[in-house]
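Me: I've got a model open and want to go through its pockets and side-chain packing. Can you take me through it?

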Amino acid sequence: MDETEFWEIIDSTREAAEGDPEEQADLVVDRLVQLDPDAVLDFARHFEARFNRAYHWDVWGAAWVLLGGASDDAFDNFRCWLIGQGREVYEGAVHDPDALADLLDDFDEEVDGDAEELGYAADEAYEQLTGLETPDLGLPRPPREPEGTALDFEDDRALAERFPKLWDAFRP
C-alpha cells in the first residue's frame with residue numbers, strides 16, 4: 001500500500017462516517033479486513049509514521065487551544081483525529097498548526113479532536129485476519145519529547161500570540 005492508497009482509505013471512510021471518529025474507525029477496519037495482512041501492516045506503518053510526525057509542541061499547542069486543554073492521552077487521541085481528517089488538514093496542521101483555523105469548517109470539542117479508536121484500527125484488522133497481534137512495524141522509535149520548542153500551555157497570552165487565528169476562531 002502506498003501513501004495515496006492510505007489517504008484514500010482515510011478520506012473515503014471519513015466521508016462515509018460523516019465526521020464521526022468512532023464510525024470512521026469501524027469503517028477503516030471494514031476496509032482493511034478486505035486486504036491481505038501485509039497491506040494492513042503497510043497501512044499501520046503509514047499511520048504510525050504520521051502519528052509520530054505530528055508529535056510536535058506546536059501541534060500540541062493547537063490541540064490545547066481547540067480542546068481547551070490536552071493531556072498526554074488527549075494529545076495522542078488528537079493526533080489520531082488529525083490523521084483521520086485527511087491529507088490536506090493533516091499536512092497543513094503539521095506544517096502550520098495555526099492554519100487549522102482555516103482548514104477546519106468547524107470544531108466541537110465535545111465531538112471532534114478525539115479518534116483514539118482510529119489509532120487501533122489496523123491492529124484490530126490485522127488480528128481479525130491473522131488471529132495474531134500486530135508485529136513490530138520496524139519504524140524508528142518515536143522521540144521521547146515532542147519536536148520543537150516547548151510551550152507553556154497555561155499561559156493564555158502566549159498561546160494567543162503563537163496561534164492567533166485558532167485563538168480568535170475557537171477561544172473568543
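Me: What's the volume of the largest pocket?
Reply: About 580 Å³. Keep in mind that this is a predicted model.

Me: How many residues line the largest pocket, and which lie nearest its centre?
Reply: The lining has 25 residues, and Glu48, Phe51, Gly119, Asp123 and Leu137 lie nearest the centre.

Me: Which helix gives the largest share of that lining?
Reply: Helix α3, with five residues. At least two residues each come from α3, α5 (72-84) and α8 (121-130).

Me: And how does the lining of the largest pocket divide into nonpolar, polar and charged?
Reply: There are 13 nonpolar, five polar and seven charged residues.

Me: OK, the second largest pocket. How much space is in there?
Reply: About 300 Å³. Its lining is made up of 16 residues, with Arg14, Gln85, Val89, Leu103 and Leu104 nearest the centre. Helices α1 (3-16) and α6 (87-95) each contribute at least two lining residues.

Me: What's the make-up of that lining by class?
Reply: Nine charged residues, four nonpolar and three polar.

Me: Staying with α6, which of its residues are buried?
Reply: Val89, Tyr90, Gly92, Ala93 and Val94. The buried residues of α6 pack against α1, α3, α4 (57-67), α5 and α7 (100-103).

Me: Switching to arginine 50. Where is it, and is it buried or exposed?
Reply: Arginine 50 sits in helix α3, residues 37-53. It counts as buried because its relative accessibility is 11%, and the cut-off for buried is under 20%.

Me: What does arginine 50 touch, leaving aside neighbours within four places in sequence?
Reply: Glu3, Phe6, Trp7, Ile83 and Tyr90. Tyr90 is also one of the buried residues of α6.

Me: Now aromatics. How many pairs are there?
Reply: The structure holds 13 aromatic pairs. One of them joins tryptophan 64 and phenylalanine 153, with ring centres 4.9 Å apart and planes at 20°, so it is stacked.

Me: Which parts does that pair tie together?
Reply: Tryptophan 64 is in helix α4 and phenylalanine 153 is in the loop between α8 and α9 (156-162), so the pair ties together parts 89 residues apart in sequence. Both tryptophan 64 and phenylalanine 153 are buried.

Me: Which residues form the aromatic cluster?
Reply: Tyr55, Trp57, Trp60, Trp64, Phe75 and Phe153 form one cluster.

Me: And which rings does arginine 79 lie over?
Reply: Arginine 79 lies over the face of phenylalanine 51, 3.8 Å from the ring centre. Arginine 79 also lies over the face of phenylalanine 75, at 4.8 Å from that ring centre.

Terms used: Residues are numbered from 1 along each chain as its sequence is written. This is a predicted model: local features need pLDDT of at least 70, side-chain atom pairs count only at pLDDT 80 or more; totals for chains, interfaces and linings use all residues. Side-chain values use heavy atoms; hydrogens and water are left out. Helices (H or I, at least four residues) and strands (E, at least two) are DSSP runs, numbered from the N terminus. Buried means under 20% relative accessible area, exposed over 50%, partly exposed in between (1.4 Å probe, protein chains only). Contact means heavy atoms within 4.5 Å. On a 1 Å grid over the protein atoms alone, a cavity is a set of points where a 1.4 Å probe fits but cannot get out, and a pocket is an open set with protein on both sides within 12 Å along at least five of seven lines; lining residues have an atom within 4 Å of a point. Grid points are joined across faces, edges and corners, and a volume is the space filled by probe spheres set on the points. Ala, Val, Leu, Ile, Met, Phe, Trp, Tyr, Cys and Pro count as nonpolar, Asp, Glu, Lys and Arg as charged, and the others, Gly among them, as polar. Rings of Phe, Tyr and Trp (its six-membered ring) pair if their centres lie within 6.5 Å; planes under 30 degrees apart count as stacked, over 60 as edge-to-face and the rest as tilted. A charge sits over a ring if NZ of Lys or CZ of Arg is within 6 Å of the ring centre and within 35 degrees of the ring normal.
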